[in-house]
Amino acid sequence: MSVSETAAIPMPEQLTLSGAAQTLERLRDALVRQAGPTVVLNAEPLKVFDTSAVAVLLELRNALLSQGKTLQVARMPQRLQALVMLYGVAELLPA
């Protein structure tokens, strides 16, 4: 585990449409307060999710870009990786 991953902000265990707005707000607040040019989000805790997870990740990326920062998503579950690839946004959400 790299130093950046040890300081990574964990995603919740569940991220579906019903809670996406609240999760987005909570994670955005946590991520924008992080120092440094690259902010790391740990996706390993994510167990129950739908396509809303991809939308939340893209929104977080955009929020950080507006601050001159980048988002790195560490330990992305294989199913989430497949969704990211399916929607053609893998290059926007580096692992």
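**Exercise 1.** Which residues of α3 are buried?

*Solution.* A word on the model before the steps: it is predicted, so local features need pLDDT of at least 70 and side-chain atom pairs count only at pLDDT 80 or more, while totals for chains, interfaces and linings use all residues. Residues are numbered from 1 along each chain as its sequence is written, and side-chain values use heavy atoms, leaving out hydrogens and water.

Step 1: locate the helix. α3 covers residues 52-65, 14 residues in total (helices are DSSP runs of H or I with at least four residues, strands runs of E with at least two, numbered from the N terminus).

Step 2: apply the cut-off. Buried means under 20% relative accessible area, exposed over 50%, and partly exposed in between, with a 1.4 Å probe and protein chains only. In α3 this gives Ser52, Ala53, Val54, Val56, Leu57, Leu60, Arg61, Ala63 and Leu64.

Step 3: find their partners. These buried residues pack against β2, α2, β3, β4, β5 and α4.

**Exercise 2.** Describe the pairing of β3.

*Solution.* First, two bridges join β1 to β3, and these strands run parallel (pairing takes at least two DSSP bridges). Here proline 10 stands opposite asparagine 42. Then turn to β5: five bridges join β3 to β5, again parallel, with valine 73 as the bridge partner of leucine 41.

Terms used:
The expected span of a helix is 1.5 Å times one less than its number of residues. Contact means heavy atoms within 4.5 Å.
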